[in-house]
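Me: I would like to learn how to read a model of this kind, feature by feature. Please give the general idea each time, then the case at hand.

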Amino acid sequence: MIGIIGALDEEIRLINDALIEHETVKKAVYSFHRGRLKSKDVVIVKCGVGKVNAALCTQILIDTFNCGKIIFGGVAGGLLPGLKQGDVVVSSHAIQFDVNLTAFGRRHGELADQSRLIEADPALVNIVADTFDDMAATMPSPPTFLVGTIVSGDSFVSDPETIKWLQREFGAACTEMEGGAVGYTCKSNEVPFVIIRIISDGAGEKATGEFDSFLSKSSEIICNLITETVNRI
Ligand code: ADE
């Protein structure tokens, strides 16, 4: 069983629409949609915004639905100068950037018993990359695709100072609010995961407007990439 998570309705709407033989199971405050996506058994859930929601849904996918692989799809704020709306970033690693035990000599994002870099499953990352390449070959002007570090914290980033800090401190390509928690939960359960993010904004002063105007457009890109990826797993 493959678990698919998105934070917002828009991010998973089209994947839900593509589900066949579908049933809905409620657990805690979340609705889990179990069915088949093309030929694969999947469970899809909208977790809501933030790391706690993401961790809860990931654990439920593993415990209740027996998911052996987890894919998170959604939008993110770009941190690299060349990134523009619609570009795609896939996690080599995820980090919880707002974990701060620096008072105890740890680096930002680092917990006592674990490296701050949470490695995504390399095989899943490769499948997403190959899927993207095949999709891009049919597009007149494909978006930029890169594999890199994705940082997560419980805040929407919309200022240049934070962009600079996240990029320099973590070497991050984009910032969002769930991936680090999905990664942490998957690592704790030894379940492979990958985070797929479409850039919705530049995480600077105009970020909220950029985010709002792009969100509805993001669903199609996320849905296509996740559906084709799942088909190859
Ligand atoms: N998701 C999309 N854009 C974001 C941003 N700028 N900060 C945090 N999460 C985001």
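Me: Which pocket is the space taken by the ligand?

Reply: A pocket is found on a 1 Å grid over the protein atoms alone, as an open set of points with protein on both sides within 12 Å along at least five of seven lines; a cavity is a set of points where a 1.4 Å probe fits but cannot get out, and lining residues have an atom within 4 Å of a point. A molecule sits in either one if more than half of its atoms lie within 2 Å of its grid points. Here the ligand takes the space of the largest pocket. This is a predicted model, in which local features need pLDDT of at least 70 and side-chain atom pairs count only at pLDDT 80 or more, while totals for chains, interfaces and linings use all residues. Residues are numbered from 1 along each chain as its sequence is written, and side-chain values use heavy atoms, with hydrogens and water left out.

Me: Which elements give two or more residues to the shell around the ligand?

Reply: Helices (H or I, at least four residues) and strands (E, at least two) are DSSP runs, numbered from the N terminus. The elements in question are strands E5 (69-78), E9 (172-176) and E10 (193-201). E5 gives the largest share, three residues.

Me: How many residues surround the ligand, and which are the closest?

Reply: A residue is near a molecule or strand if one of its heavy atoms lies within 4 Å of it. The ligand is surrounded by 13 residues, and the closest are Gly77, Phe156, Val157, Glu176 and Asp201.

Me: Which N or O atom in a side chain is 2.6 Å from a nitrogen atom of the ligand?

Reply: A polar contact is a pair of N or O atoms within 3.5 Å; within protein, one must be able to donate a hydrogen and the other to accept it, and residues adjacent in sequence count only if both atoms are side-chain atoms. The 2.6 Å distance is to an N or O atom in the side chain of Asp201. Backbone atoms also take part: an N or O atom of Val157 lies 2.9 Å from a ligand nitrogen, and a polar backbone atom of Gly77 is 3.2 Å from a ligand nitrogen. The ligand taken alone exposes 270 Å², of which the protein buries 96%. Such areas come from the Shrake-Rupley method with a 1.4 Å probe; for residues, only the protein chains shown count as cover.

Me: Now strand pairing. Which strands does E1 join, and over how many bridges?

Reply: Two strands pair if DSSP finds at least two bridges between them. Strand E1 (residues 2-6) runs parallel to E4, with five bridges, and parallel to E5, with four. Ile4 has Ile44 as its bridge partner in E4, and Ile71 as its partner in E5.

Me: Why is E1 described as largely enclosed?

Reply: Buried means under 20% relative accessible area, exposed over 50%, and partly exposed in between (1.4 Å probe, protein chains only). Five of the five residues of E1 are buried, so the strand is largely enclosed by the rest of the structure. In a regular strand the side chains alternate between the two faces of the sheet. In E1, Ile2, Ile4 and Gly6 point one way, Gly3 and Ile5 point the other way, and all are buried. Strand E4 (residues 40-46) is also largely enclosed, because five of its seven residues are buried.

Me: In which sense do E3 and E4 pair?

Reply: Strand E3 (residues 30-37) and E4 are antiparallel, with six bridges. They form a hairpin with two residues between them. His33, in E3, has Ile44 as its bridge partner in E4. His33 is buried at 15% relative accessibility, and its side chain makes a polar contact of 3.0 Å with that of Thr24.

Me: Which residue in the turn has a positive phi?

Reply: Most residues other than glycine have a negative phi, and most peptide bonds are trans. In the hairpin turn, Lys38 has a positive phi of about 50 degrees. Ala28 has a positive phi of about 50 degrees too, although it is not a glycine. Ala28 lies in the loop between strand E2 (20-27) and E3, and is exposed at 64% relative accessible area.

Me: Is Arg116 buried or exposed?

Reply: Arg116 is buried, with a relative accessible area of 9%. Its side chain reaches the backbone oxygen of His108 at 2.9 Å, and a polar contact of 2.9 Å joins the side chains of Arg116 and Glu169.
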